[in-house]
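Hi,

Here is the structure I promised to pass on. Have a look at it first, and then read my notes below.

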Amino acid sequence: MLVNTKKLLQCQGVPYEQKERQNHQSKGFAYIETYGCQMNFADTEVVAAILAQEGYGFTQNPQEADVIFINTCSIRENAEQKIWNRLKVFRQIKQKRPHVLVGVLGCMAERLKKQLLEEEQCVDMVVGPDAYRSIPKLIEQVHFGEKAVNVLLSREETYADIAPLRLHSNGVTAFLSIMRGCNNMCTFCVVPFTRGRERSRDPDTIVREAQQLFEQGYRDITLLGQNVDSYNYKGVRFAQLLAMVAEIHPKLRVRFTTSHPKDMTDDVLYTMARYENLCKYIHLPVQSGSNRILALMRRGYTREWYLQRIERIRSILPDCAIATDIIAGFCSETEEDHQQTLDLMERVRFNSAFMFYYSERPGTYAARKLKDDVPLEVKKRRLQEIIRLQQQHSLYRNREWIGKTVEVLIEGDSKRSKEDFSGRTSQNMVVVFPKHSSYKVGDYVQVRIISATSATLKGEIVS
Ligand code: 5AD
Ligand code: SF4
């Protein structure tokens with residue numbers, strides 16, 4: 001299916017003259033596939049804006065594309081494996097239609113530029129996360145018959161002036177990047193190497209973009225950064241930024257991710273308490289419940305500190321949902337360390353969690369100095385135990401809502417049935433309920449919760 005650029009730009013509120021120019025300049029169709037974190041999805045929208053400016057239209061079918069981009073993730077080995085498999089498919093497309101240009105964007109570009117250009121014959125272009133502005137020049141270079149690469153990391157680039165083109169948007173929810181990179185150097189993590197040093201984006205440009213989104217009908221925006229608590233733009237800290245964005249309109253829901261337990265201040269919690277439209281959901285990755293492992297990971301906190309942060313959240317924001325990330329089987333993790341993780345989970349009873357087994361990433365401190373010595377079967381078994389426990393906790397947390405009435409922002413049809421709407425609560429819980437003709441996507445509606453699974457709440461509209 002071809003996506004009409006004109007229509008898209010109309011949705012984006014791009015001025016008429018610019019739309020016309022897009023049409024006249026049409027250079028063919030671009031296809032972009034995105035993997036990994038929300039930051040990558042936000043980056044894809046920046047790349048789409050750069051391409052639209054150049055006169056490209058967009059397609060959702062790689063078979064019809066003139067330019068194929070794949071925005072990649074390096075966080076775990078299986079994330080990279082998926083990309084290598086997709087490149088095989090793109091190679092076949094290129095065999096049939098040799099003029100097609102294939103570009104690799106994002107974290108893998110940064111990490112594997114040589115391998116991508118030398119071993120993967122179909123790749124024409126490799127572009128790191130801070131080099132997207134150079135894409136038009138790189139495309140030109142490829143048209144002159146050269147392979148093109150730019151993986152330079154920057155200390156300043158935030159793409160603050162580029163209005164993202166929200167290609168696959170539902171018109172209600174949007175990501176908004178507030179900072180890039182990470183300075184933390186957790187020993188297992190490749191992000192500081194692929195995305196570079198931390199830098200914060202000018203708050204005025206953030207507020208302006210959020211304001212425009214609200215005017216275009218968006219009602220739920222997520223502020224993105226690897227560690228939002230260290231946001232700092234000329235002395236403006238994260239709590240102030242949150243307040244500035246919350247002030248735009250009470251009907252604009254504001255979320256953020258990801259928080260860091262060592263940096264999350266009470267200031268942020270009090271600001272969340274002050275504004276109803278700051279969503280009561282905190283994603284606070286713990287990674288492990290063992291102090292010995294946390295020290296090896298260089299996370300900068302102990303389990304006691306983490307539990308004390310949870311207590312602060314619960315006392316300042318009693319109805320706040322808490323999600324986490326957990327890694328099973330990090331270097332030297334013993335059964336006792338693993339039990340400590342399960343014990344911490346029991347104490348917190350997270351609403352939800354993203355759970356992984358440890359995957360060694362070349363170049364990280366752990367890869368260089370520590371031994372990846374927990375056997376794969378053990379990592380997998382521990383991960384299964386963590387997942388099983390989390391499912392119980394998610395169910396327990398979701399059941400707490402049965403019988404209560406919650407405000408839901410309608411995001412679209414339910415995946416299972418066109419007769420039902422799906423939306424989310426402030427706490428980020430998905431709620432499914434029968435449609436009613438007086439409500440549409442983007443509306444807030446009061447829903448009484450009738451039943452719950454570990455993943456979804458079901459309810460009915462309260463008139
Ligand atoms: N192996 C497994 N999980 C990892 N994460 C980051 N690096 C690794 C790795 N090498 C997880 C962490 C982080 C989330 C984004 O991905 O839990 O919070
Ligand atoms: Fe990676 Fe740690 Fe930075 Fe998160 S805070 S991106 S886990 S280095």
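**What I found**

Let me start with one pair of residues: Ile282 has Ile322, in β16, as its bridge partner. (Strands here are DSSP runs of E with at least two residues, helices are runs of H or I with at least four residues, and both are numbered from the N terminus.) Before you go further, note that this is a predicted model, where local features need pLDDT of at least 70 and side-chain atom pairs count only at pLDDT 80 or more, while totals for chains, interfaces and linings use all residues. Residues are numbered from 1 along each chain as its sequence is written, chains are lettered from A and ligands numbered from 1 in the order in which they are written, and side-chain values use heavy atoms, with hydrogens and water left out.

**The sheet with β16**

β15 and β16 are joined by three bridges and run parallel. Two strands count as paired if DSSP finds at least two bridges between them. The sheet here is open and has three strands in the order β15-β16-β17, paired in parallel. β15 (281-283) and β17 are its edge strands, and each of them pairs on one side only. On average, neighbouring strands in this sheet are turned by 10° against each other, direction ignored. (Axes are lines fitted to C-alpha atoms, for helices over the stretch in contact, and angles run from 0 to 180 degrees between N-to-C directions.)

**Ligand 1**

Two strands of that sheet come back here: β16 (321-328) and β17 (352-357) each supply at least two residues of the shell around ligand 1. The shell is made up of Ile75, Arg76, Phe188, Gln287, Asp325, Ile327, Phe356, Tyr357, Tyr358, Ser359 and Arg361. (A residue is near a molecule or strand if one of its heavy atoms lies within 4 Å of it.) By type, this shell has six nonpolar, two polar and three charged residues. (Ala, Val, Leu, Ile, Met, Phe, Trp, Tyr, Cys and Pro count as nonpolar, Asp, Glu, Lys and Arg as charged, and the others, Gly among them, as polar.)

There are some polar contacts to look at, meaning pairs of N or O atoms within 3.5 Å:

- Gln287 has a polar side-chain atom 2.6 Å from an oxygen atom of ligand 1.
- Ser359 has a polar backbone atom 2.8 Å from a nitrogen atom of ligand 1.
- Phe188 has a backbone N or O atom 3.1 Å from a nitrogen atom of ligand 1.

How much of ligand 1 does the protein bury? Taken alone, ligand 1 exposes 410 Å², and the protein buries 86% of that. (The areas come from the Shrake-Rupley method with a 1.4 Å probe; for residues, only the protein chains shown count as cover.)

You will find Gln287 in the loop between β15 and α11 (291-296).

**Ligand 2**

Phe188 turns up again in the surroundings of ligand 2, together with Cys182, Asn184, Met185, Cys186, Cys189, Val191, Pro192, Gln226, His260 and Arg299. That shell splits into seven nonpolar, three polar and one charged.

Three strands in the order β8-β11-β14 form an open sheet with parallel pairing. β8 (173-177) and β14 (253-257) are at the edges with a single partner strand each, so one side of each has no neighbour in the sheet. From one strand to the next, the twist averages 25°. Five bridges link β8 to β11 (residues 220-224) in the parallel sense, and Phe175 stands opposite Thr222 in β11.

Thr258 sits in the loop between β14 and α10 (266-274).

Helix α3 (residues 38-54) lies across β8, β11 and β14 and runs at about 90° to β8. (Contact means heavy atoms within 4.5 Å.) The axes of α3 and α6 (residues 135-143) come within 10 Å and cross at roughly 60°. Val47, Ile50, Leu51 and Glu54 in α3 meet Ile135, Pro136 and Ile139 in α6. The residues of this contact are six nonpolar, no polar and one charged.

**Antiparallel strands**

β18 (residues 405-413) pairs with β21 (residues 444-452) in the antiparallel sense over five bridges, and Val406 stands opposite Val447 in β21. β18 is also joined to β19 (residues 420-424) by four bridges, again antiparallel. A hairpin of six residues connects β18 to β19.

Cheers

Definitions and conventions:
A polar contact is a pair of N or O atoms within 3.5 Å; within protein, one must be able to donate a hydrogen and the other to accept it, and residues adjacent in sequence count only if both atoms are side-chain atoms.
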